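Thanks for making the time, everyone. I would like to walk through one model this morning, going from the ligand site to the cavities and then to a few backbone details.

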Amino acid sequence: MSDSDNCADVDEMKSPDEIFEEYEAKLNDALAEVEEPPEKPGDGIRLGLGDLSLDRRDFMKAGAAVGATTALAGCSGFGGSGGQGTTSSGGHGSVPDHKVAPGEHDEYYGFWSAGHSGEVRVVGVPSMRELMRIPVFNPESARGHGFDDQSKRLLEEGGGYTWGDSHHPNLSETDGEYDGEYLFINDKANGRIARVNLKYFETDAITDVPNVQAIHGCCIQSPDTDYVFGNSEFRTPIPNDGRDVKNPDEYESVFTAMDPESMEVQWQVRVDGNLDILDTDKDGRWAISSAYNDEEGVEVEEMTHDDRDYVKAFDVPKIQKAVDNGNYEEVNGIPVVDGTQDSKLNQGSDPIVRYIPTPKSPHCVEVTPDGKYAMVAGKLSPTVSIIDIEKLDTADDPADTIVGQPKVGLGPLHTTYDDRGHAYTSLFIDSQVAKWDIEKAVEAEKGSTDPVIEKIDVHYNPGHIQATQAMSADPQGDWLVVLNKLSKDRFLPVGPVHPDNDQLIYIGDDAAGMELVADEPVYPEPHDAIMVEADKLDPATVWDESDYEGEKPYISEDESGIERTGEKSVEVNVSVKRSEYGLRDFTVKEGDEVKLTATNIEGSRDILHGLAVPQYDVHLALAPKDTRQATFTADDPGVYWFYCTYFCSALHLEMRSRMIVEPRG
Ligand code: K7E
Ligand code: CUA
């Protein structure tokens with residue numbers, strides 16, 4: 001970087017077009033260097049834009065350039081017909097109605113990660129209606145997450161951060177099928193993995209993983225959820241305590257194995273390159289991870305210098321054995337196994353980690369529902385590399401595990417599956433989804449486009465795509481959601497921050513082809529989703545008090561009262577029902593630590609109450625039969641009306657009592 005580049009005045013004078021040209025030039029350089037040269041702009045699919053005749057890349061470029069007003073005008077003229085721009089021949093099959101009538105239920109639960117919002121969203125599929133939000137890494141007032149003692153402690157002990165960047169939701173499995181017990185999700189920002197209890201749709205554990213930065217890949221071990229795995233993407237010195245800070249050669253990326261019940265880290269493996277996204281086979285042996293920057297650079301030019309990167313296949317039972325045999329170094333209390341290429345555990349024919357060469361900077365790994373293949377999307381290469389999982393054990397040369405490499409289009413990022421042998425790959429640069437035949441791709445020459453059956457335009461620039469139950473051994477092959485990063489002109493403008501655009505595509509009719517059926521604006525920024533048949537889950541409608549017995553009390557009406565427990569501490573117990581608290585008022589002394597416990601004693605479905613204490617930053621959200629607690633110091637003498645936040649009855653507004661704080665005198 002030259003000095004003048006650091007000068008803000010000079011930067012400000014660059015036009016949006018110039019900035020975009022620079023990006024485009026950089027991207028083109030990176031694309032030109034991959035083994036399979038990309039299709040040239042102009043070879044791309046033509047959109048039906050009459051005289052404009054833009055190809056996909058030009059179109060994306062036009063829309064991406066900030067403030068490129070003429071190009072944007074072109075976009076909006078095109079907006080309404082965008083959905084019809086499929087390149088497939090069909091598209092008018094008998095698509096079942098994705099709308100769900102009033103009062104009816106969806107067929108699937110969808111769980112969406114929410115990126116840097118830090119939460120998980122529950123979406124009904126196919127209606128795409130948002131049913132609920134589950135706060136995970138983010139304090140959230142409506143559900144009291146981070147506003148009562150228990151959830152405060154959870155966030156505190158989970159690292160004390162106030163936000164997270166959730167990317168990859170995973171459902172627990174038994175025998176390769178979703179069992180409806182738990183959802184696991186990573187926080188890329190702070191290197192954490194959390195668990196959501198699917199009886200209560202509530203976060204019940206957050207683990208701040210040692211020795212890592214940016215846990216990006218996250219998956220459960222199929223078929224029985226014996227482990228939860230996480231990949232740290234950013235390489236750092238290990239331990240990252242000030243040593244080797246200027247010595248990037250010593251930085252390493254780490255694969256982590258956690259116990260899904262205790263949520264404790266069991267062991268880690270350090271490797272070369274930046275680990276990225278991962279998936280497991282269906283037999284509990286291999287965890288397969290994409291990786292980039294095997295050059296181990298710290299700047300983008302260095303990271304994309306070489307032609308190859310190495311997918312890492314972790315042989316889990318072998319690593320487990322190395323740990324059992326004491327073949328590790330303990331770092332911050334965690335056994336860390338050396339999985340670098342030079343490790344003695346990786347010499348010979350029986351390595352703990354196999355390094356499989358792929359075109360540089362691949363993005364993702366997704367294993368087919370039958371467990372035969374792992375697909376590695378090329379990102380900078382227009383191909384998907386197909387790894388034959390059986391060959392991971394038998395191939396002498398790791399390169400021989402790659403048994404197919406169809407050319408699917410520009411910027412392949414993620415792949416999902418139906419139940420009929422097809423793969424669907426999102427194409428970030430082309431803004432399309434490519435549907436292709438898996439076995440044909442294995443038979444075809446590498447680099448062939450023949451296995452590609454059909455492409456459909458999406459709007460715009462898709463990241464993850466996911467079909468119903470495609471991550472399990474039981475894919476459904478009816479609905480596909482495409483999580484597009486940009487919505488641009490698809491919705492009413494709402495200021496410069498745009499919603500994402502999740503699109504629903506029907507894939508159940510191979511003869512008619514893929515059919516785009518819905519746009520759904522989404523608050524930033526889900527990365528991934530996972531969908532499960534609704535009857536696989538059995539959520540509670542009221543709390544079962546035995547689920548929190550021993551952790552906190554259940555306060556009945558008779559038990560409502562106040563007790564002084566020390567010179568400067570009181571315990572206040574309150575039952576809660578329509579439309580009153582078990583105490584009409586209570587009095588404490590200035591400076592008292594107040595431990596407030598409240599139980600919603602109603603057993604009626606959907607009758608929630610809140611308990612908000614003004615000026616003390618307290619909000620308890622109380623589902624039926626639930627108990628919540630808050631501890632605070634009553635520093636300011638005065639009268640404080642504590643009140644109910646859920647509109648629970650005709651006397652909701654009257655549902656309030658007084659906390660009186662007497663001056664200590
Ligand atoms: Cu491709 Cu974090 Cu799964 Cu985003 S990652 S797109
Ligand atoms: Cu209880 Cu409003």
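Let me begin with the residue classes, in which Ala, Val, Leu, Ile, Met, Phe, Trp, Tyr, Cys and Pro count as nonpolar, Asp, Glu, Lys and Arg as charged, and the others, Gly among them, as polar. On that scheme, the shell around ligand 1 has 1 nonpolar, 8 polar and 1 charged residues. This is a predicted model, in which local features need pLDDT of at least 70 and side-chain atom pairs count only at pLDDT 80 or more, while totals for chains, interfaces and linings use all residues. Residues are numbered from 1 along each chain as its sequence is written, chains are lettered from A and ligands numbered from 1 in the order in which they are written, and side-chain values use heavy atoms, with hydrogens and water left out.

Which residues surround ligand 1? They are His167, His168, His216, Ile277, His363, His414, Gly463, His464, Lys485 and His527, where near means that a heavy atom of the residue lies within 4 Å of the molecule.

Ligand 1 sits in the second largest pocket, and to sit there, more than half of its atoms must lie within 2 Å of the grid points of the pocket. The grid has a 1 Å spacing and covers the protein atoms alone; a pocket is an open set of points with protein on both sides within 12 Å along at least five of seven lines, a cavity is a set where a 1.4 Å probe fits but cannot get out, and lining residues have an atom within 4 Å of a point.

The volume of this second largest pocket is about 1100 Å³, a volume being the space filled by probe spheres set on the points, which are joined across faces, edges and corners. Its lining has 38 residues, with Tyr23, Leu27, Lys379, Leu380 and Phe428 nearest the centre, and by class it divides into 15 nonpolar, 13 polar and 10 charged. Helix H2 (16-33) is among the elements that supply at least two lining residues, and H2 gives the most, with 6; helices (H or I, at least four residues) and strands (E, at least two) are DSSP runs, numbered from the N terminus.

Of its 17 lining residues, His168, Cys218, Leu278, Met471 and Asp528 are closest to the centre, and the lining is made up of 10 nonpolar, 4 polar and 3 charged residues.

Cys218 counts as buried at 3% relative accessibility, and Cys219 is buried at 2%, where buried means under 20% relative accessible area, exposed over 50% and partly exposed in between, with a 1.4 Å probe and protein chains only.

Finally, the backbone. A cis peptide bond, with omega about 0°, joins Ser222 and Pro223, and another cis bond runs from Arg578 to Ser579, with omega near -10°. Asn293, although not a glycine, has a positive phi of about 55° and is buried at 1% relative accessible area. Gln615, also a residue other than glycine, has phi near 70°, but Gln615 counts as exposed, at 69% relative accessibility.
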